[in-house]
Amino acid sequence: MNKDKIIRKEIKEQIKEEITEEIKKETKEKSQEKTQEETTNTEQMPAQHGESLGRISEVQKDSFKIRFLDREIPAKLKGSFYGKDAKDLPVVGDYVTFAYNPAGDSLILSVRERSSFLQRPDQAKTGVMQYMVANVDYTFIVTALNGDYSYNRIARYVSIALEGGSVPVVVLTKSDLCTNPGRYVREVEGISENLRVHAISAIYDIGMDELKSYFVPGKTICLMGSSGAGKSTLINTVAGREVMKTAGIREDDSKGRHTTTYRQMITLDNGVCIIDTPGMREVGMAGNDKGIGETFSDILELESRCRFSDCRHETEPGCAIKAAIADGTLSRERYELYKSLGSENERNYAKKKAISKWVKQRKKEGLL
Ligand SMILES: Nc1nc2c(ncn2[C@@H]2O[C@H](COP(=O)(O)OP(=O)(O)OP(=O)(O)O)[C@@H](O)[C@H]2O)c(=O)[nH]1
Ligand SMILES: [Mg+2]
């Protein structure tokens, strides 16, 4: 059994215990002739001093919300989290243990091991990582079929999803505004072997049936993409009601208005968890070797077939990359993309290493 399943089993068991407890309380309270209204709000809450297991549904600076049963519990971190590495702090989608406080913020005690963890370098390109979401099964890479479309950016998202251990699914939205969505579907399918791609219109209910296979109870889906791509609209359509705020894009450049401003996990009535995220302006590469390797696994395979192990794919004889470009099995555009993402990844990684060396040195000198 994988860790995610174990955690879900634990939650189920906990729910069972809570329900039994609830029934006992209800019987007792009925005999004391209390009204139903007076009791419902507190009955489903965890024991005050016990440790409970919930899931982070929202993070805003130092404030967290924990999804427990069908409630959102406000929470803060236990003091021992301070000074920990940023990657060890809870993110949306994390399973956490917490001590329940009925009078205010509950206390997050620990973060359970993650089955997947999506991260990217921060926008300032310092190589510092931004930790986004955890325990995601599918990452929907949402791109609108208007001015938003970018082959290069989709490839970046795909490598981030793969690096983090989730399955990338490209969702091309606003197909109603595009005269030839099929052309884009084929182009995106060419980014990586086995990449799943769907063209939809959430507003006109086109292609939505194709997405049903992902919305399976117990699965977690995270939506990422530019502002205005239609992430929140897609969630509202799937939910059948307005659970997320949406807003029109700017007419002059088709860009969105950053309507969603923080990551948030909602649970649909059928038990599917969906994480909505704010639109990203840029998707940088750092610490992403595995993701790039998996996205371009066919190119790695070709490289391994070159006559020389240190082949630079330039003038060397017996080069499998050059041969594949010549016979059309590998597109030059895709190979160039692989090279540029790889070198950006290396550059940022070197920067990241230099920063952590600097921080370590300053700490040693007592300056930090
Ligand atoms: N024509 C058309 N418009 C759509 C479709 N999906 C979304 N839109 C419109 O696109 C605009 C932006 O949609 P949102 O769902 O708010 O976009 P978002 O990706 O959540 O944007 P941020 O929250 O800013 O990151 C809204 O005006 C939507 O009505 C679609 O399938 N077709
Ligand atoms: Mg949104």
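1. Helices, of at least four residues, and strands, of at least two, are DSSP runs numbered from the N terminus. In this predicted model, the protein has nine helices and 13 strands.

2. Helix H5 covers residues 231-239, and its buried residues are Lys-231, Ser-232, Thr-233, Leu-234 and Ile-235. They pack against four strands: S8 (138-144), S9 (167-173), S11 (220-225) and S13 (273-276). Just after the helix, Gly-240 has a positive phi of about 80 degrees.

3. Lys-174 has a positive phi of about 60 degrees and sits in the loop between S9 and helix H4 (181-189). Is Lys-174 buried or exposed? Lys-174 is buried, because 26 other C-beta atoms lie within 10 Å and the cut-off for buried is 20 or more.

4. His-313 likewise has a positive phi of about 60 degrees. His-313 is found in the loop between helix H7 (297-304) and helix H8 (320-326). With 18 other C-beta atoms within 10 Å, His-313 is partly exposed.

5. For the protein as a whole, 35% of the 368 residues are buried. Of the contacts between residues at least 6 apart in sequence, 65% join residues at least 24 apart.

Note on methods:
Residues numbered from 1 in each chain as written. Chains lettered and ligands numbered in written order. Predicted model: local features only at pLDDT ≥ 70, side-chain atom pairs only at ≥ 80, totals over all residues. Buried ≥ 20, exposed ≤ 12 C-beta atoms within 10 Å, placed from the backbone. Contact = placed C-beta atoms within 7 Å.
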